[in-house]
Amino acid sequence: MTKKIAFIFPGQGAQSVGMGKDLYDNYDAAKDIFNTADKVLGRSISSLCFAGPEEDLKQTVNTQPAIVATSIAALESFKSQLDIQPSYTAGHSLGEYCAMYASGVMDLDTAMKLIQKRAELMGKTEGGSMAAVLSAPEGALEEALKEASSVGYVDVANYNSPAQVVITGDSAAVQKAGELLIAKGARRVVPLAVSGAFHSKFMEGAGKEFWEYLKGFSLSNASIPVVTNVDAEFTTSASDFTEKMPKQIYSSVYWTQSVQKMVSDGVEIFIEIGPGKVLAGLVKKIAPQVKVFNIFDKASLDTTVNSLKEELCGV
């Protein structure tokens, strides 16, 4: 195999009722993951994925473990059908836990326990708001954030693509920044339905509590480098993951920069593994020249496996 591949995993917002059910019904590997996740969490996260209700599924405390369980089930189903080793892994926000699992940093039990704690801490942190900014002219974001900071704290939560960032912070400052960005030529500013200001200093307390919880776990060095959200750097050391995981809760997600980092190192194929197609769309905006595949059910898995066999083996 000569082409470099990256496995990427989605974050919050990718969830939908019914996710993972097709995988559970068709692959023993997926069934094992969901059954283990239910056992580790002491509740039926699989039922929440398969049947909802949607109102419960979209609560942070449920969304995060549900997406992680579904994404890892998709990963293991894929691996059961095709023996393939990526050059890198990466995940968007909570998806980074799937990336760490895929790279051997943690086992399934640890991934589920950590993401459950992370979800509980983030879900109970209140205050602030978030908004997606689409197609802001160059320089407008920095100017708007600086001007709006006179009203209150506002920062970038996610660098999703060159045409999309998410801002976070005090509600008044986020609203002011949005108004300024529209005035400066941004195409749209969309308020997000979230419980609080994720990836902002509002989450520093949650990050500190998570750090204390994390001390009770042992992580391994990564067998495959993970491109981490907080700095868009290749990461393999267990101690580095331990340091970065709490920070990730209150720091910006450098997704655009992470994809660019992998592309600059020769990655030609990205495989989004987990519910939805959000990351695939972002990757195509960041690097139009690369090939992108999705794995979220049996049909998409079959299509990806067949396409990769042609791409990599000439079968």
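This is a predicted model: local features need pLDDT of at least 70, side-chain atom pairs count only at pLDDT 80 or more; totals for chains, interfaces and linings use all residues.
Let me begin with the chain as a whole. The protein chain contains 14 helices and ten strands. Its radius of gyration is 19 Å, close to the 20 Å that the globule rule gives for 315 residues, so the chain is as compact as a globular protein of that length. The C-alpha trace spans about 55 × 45 × 40 Å along its principal axes. Of the 315 residues, 53% count as buried. Among contacts with a separation of 6 or more, 75% are made by residues 24 or more positions apart.

I turn now to a sheet. Strands of a sheet pair through backbone hydrogen bonds, in either a parallel or an antiparallel manner. Here, four strands make up an open sheet, and their order is β4-β5-β3-β6, with antiparallel pairing. Which strands stand at the edges? They are β4, residues 154-161, and β6, residues 188-191; each has a single partner strand, so one side of each is left without a neighbour in the sheet. From one strand to the next, the twist averages 25 degrees.

Within this sheet, β3, residues 129-134, and β5, residues 164-169, are joined over six bridges in the antiparallel sense.

Helix α8, residues 140-148, lies across β4 and β5 and runs at about 160 degrees to β4. Helix α9, residues 171-183, lies across β3, β4, β5 and β6, and its direction is at about 145 degrees to β5.

Strand β4 also holds Ser 161. Is Ser 161 buried or exposed? With a relative accessible area of 4%, Ser 161 is buried. Beyond its neighbours within four places in sequence, Ser 161 is in contact with Thr 256, Leu 282, Lys 285 and Ile 286.

My next subject is helix α2, residues 28-41. This helix has 14 residues and reaches 20 Å from its first C-alpha to its last, close to the 20 Å expected at 1.5 Å a residue. Its buried residues are Ala 30, Ile 33, Phe 34, Ala 37, Asp 38 and Leu 41. As a general point, an α-helix has 3.6 residues a turn, so residues three or four places apart point the same way.

What covers the buried residues of α2? The covering elements include α1 (21-26), α3 (45-51), α5 (60-81), α6 (95-102) and α7 (108-124). On the other side of α2, Asp 28 and Lys 39 are exposed. After the helix comes Gly 42, with a positive phi near 70 degrees.

Let me move to some backbone details. In general, most residues other than glycine have a negative phi, and most peptide bonds are trans. The bond from Gly 52 to Pro 53, however, is a cis peptide bond with omega near 5 degrees. Pro 53 has its place in the loop between α3 and α4, residues 54-57.

Two residues other than glycine have a positive phi here: Ser 135, near 55 degrees, and Ala 232, near 55 degrees. Ser 135 is found in the loop between β3 and α8, and at 29% relative accessibility it counts as partly exposed. Ala 232 is found in the loop between β7 (226-227) and β8 (234-235); with a relative accessible area of 7%, Ala 232 is buried.

With which residues is Ile 5 in contact, leaving aside its neighbours within four places in sequence? They are Ile 84, Pro 86, Ser 87, Tyr 88, Val 267, Ile 269, Ile 271, Leu 308 and Leu 312. As for Glu 209, which is 204 residues from Ile 5 along the chain, a separation of 35 Å lies between the C-alpha atoms of the two residues.

Terms used. Residues are numbered from 1 along each chain as its sequence is written. Side-chain values use heavy atoms; hydrogens and water are left out. Two strands pair if DSSP finds at least two bridges between them. Helices (H or I, at least four residues) and strands (E, at least two) are DSSP runs, numbered from the N terminus. Axes are lines fitted to C-alpha atoms, for helices over the stretch in contact, and angles run from 0 to 180 degrees between N-to-C directions. Contact means heavy atoms within 4.5 Å. The expected span of a helix is 1.5 Å times one less than its number of residues. Buried means under 20% relative accessible area, exposed over 50%, partly exposed in between (1.4 Å probe, protein chains only). The radius of gyration is taken over C-alpha atoms; the globule rule is 2.2 Å times the number of residues to the power 0.38.
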